[in-house]
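Take a look at the sequence and the model below. The paragraphs that follow walk through it one region at a time.

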Amino acid sequence: MLFCGGYGMRMRSGASDDVPKPMAMVGPRPLIWHVMRYYAHFGHTEFILCLGYGAHHIKDFFLNYEETTSNDFVLRHGRTELLSTDIASWTITFVQTGVESPIGERLRRVRHHLDGDEMFLANYADVLTDAPLPEMIDRFARRDAGASMMVVPPQSSFHCVDLGDDGLVGGITAVSDMPLWENGGYFVLRQEIFDHIPENGDLVADGCAQLAKRGRLVAHQHRGFWKPTDTVKERAALDEAYARGDRPWAVWERVGAGQDAGTRTA
């Protein structure tokens with residue numbers, strides 16, 4: 001399940017810009033494609049898109065998908081012969097989950113599309129990583145827990161200041177050097193999560209928080225590549241990195257990566 005229905009106000013270029021954040025471009029493809037391509041590389045090719053704001057942009061992108069944009073092909077006698085494909089093996093379910101719905105409510109509204117799967121994957125549609133997904137899933141499968149969330153070191157460049165009662169500074173520490181972790185998305189969930197998300201509730205603040213109180217939430221610590229795209233600046237940085245060939249999240253491009261396969265749900 002991919003959450004792609006938010007407004008993404010910090011990514012918008014003007015009042016008339018109704019393009020949702022997952023459709024912001026990184027290289028020749030939008031963010032949501034990069035996230036889906038990551039999952040497909042590991043064999044997870046059944047997607048449920050939790051749509052909301054600007055849903056028609058996402059629908060139009062896939063309904064009018066052009067494989068030649070990111071695949072090699074031969075043009076012979078005026079006909080295109082693809083040498084590889086991106087989404088031919090994907091199954092994508094498009095579900096309107098409300099413009100104002102919090103993420104937990106979006107999850108609740110697509111539950112019936114899970115076909116009873118006990119374990120499933122969920123994620124934001126605008127965060128890129130090179131995390132080892134099979135390891136993340138296998139570790140969770142061996143645990144008696146209701147949910148797993150990937151956690152990453154703080155990304156902020158700010159410093160924390162240790163103040164004494166007299167107002168004197170006792171020390172200054174970069175946030176990234178502190179023993180803290182933040183939510184990085186990339187959830188592995190069991191159906192149990194639905195027991196803890198109320199109507200119009202949130203996945204993390206309600207569902208995961210309740211599981212944590214019960215000792216049923218585990219974390220996968222990832223210190224590798226992880227980048228959010230909450231702002232225009234962050235999206236531009238990823239686009240520039242893509243242009244110069246620095247794209248560690250594109251695990252499908254690595255030598256010996258193999259072909260995408262499988263029919264599991266994300």
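Does Ile137 count as buried or exposed, and at what relative accessibility? At 14% relative accessibility, Ile137 counts as buried. Buried here means under 20% relative accessible area, exposed means over 50%, and partly exposed lies in between, with a 1.4 Å probe and protein chains only.

A word on the source. This is a predicted model, in which local features need pLDDT of at least 70 and side-chain atom pairs count only at pLDDT 80 or more, while totals for chains, interfaces and linings use all residues. Residues are numbered from 1 along each chain as its sequence is written, and side-chain values use heavy atoms, with hydrogens and water left out.

Back to Ile137. Its place is in helix α4, residues 133-141. Helices (H or I, at least four residues) and strands (E, at least two) are DSSP runs, numbered from the N terminus. Ile137 is in contact with His44, Met119, Leu121 and Val188, leaving aside neighbours within four places in sequence. Contact means heavy atoms within 4.5 Å. Met119 is 18 residues from Ile137 along the chain, and their C-alpha atoms are separated by 9.3 Å.

Next comes Thr129, in strand β9 (residues 127-129). Thr129 counts as buried, at 1% relative accessibility. What does Thr129 touch, not counting residues up to four places away in sequence? The list is Tyr38, Met150, Tyr186, His222, Phe225, Trp226 and Trp249. The side chains of Thr129 and His222 are joined by a polar contact of 3.4 Å. The Thr129 side chain also reaches the backbone oxygen of Phe225, at 2.6 Å. A polar contact is a pair of N or O atoms within 3.5 Å; within protein, one must be able to donate a hydrogen and the other to accept it, and residues adjacent in sequence count only if both atoms are side-chain atoms.

Tyr186, one of the residues that Thr129 touches, is found in strand β13 (residues 182-190). Tyr186 is buried, with a relative accessible area of 1%. Its phi is positive, about 50 degrees, although Tyr186 is not a glycine. Most residues other than glycine have a negative phi. Asn200 is not a glycine either, and has a positive phi of about 60 degrees. Asn200 lies in the loop between β13 and α5 (203-213). At 46% relative accessibility, Asn200 counts as partly exposed.

Now the hairpins. Strand β5 (residues 73-76) pairs with strand β6 (residues 79-82) in the antiparallel sense, over four bridges. Two strands pair if DSSP finds at least two bridges between them. Phe73 has Leu82 in β6 as its bridge partner. Two residues sit between β5 and β6, and His77 in the turn has a positive phi of about 55 degrees.

Strands β11 (residues 159-163) and β12 (residues 169-174) run antiparallel, joined by five bridges. Asp162 stands opposite Gly171 in β12. This hairpin has five residues between the strands, and Gly167 takes a positive phi near 85 degrees.

Val161, Leu163, Val169 and Ile172 make a nonpolar surface patch of about 400 Å². Each of the two strands, β11 and β12, supplies at least two residues of the nonpolar patch. Val161 lies in β11 and is partly exposed, with a relative accessible area of 48%.

Conventions:
Patch = residues over 30% accessible without salt bridge, like charges linked within 9 Å, V, L, I, M, F, W, Y side chains within 5 Å. Areas by Shrake-Rupley, 256 points an atom, 1.4 Å probe, with all protein chains shown as cover. Salt bridge = Lys/Arg side-chain N within 4 Å of Asp/Glu carboxyl O.
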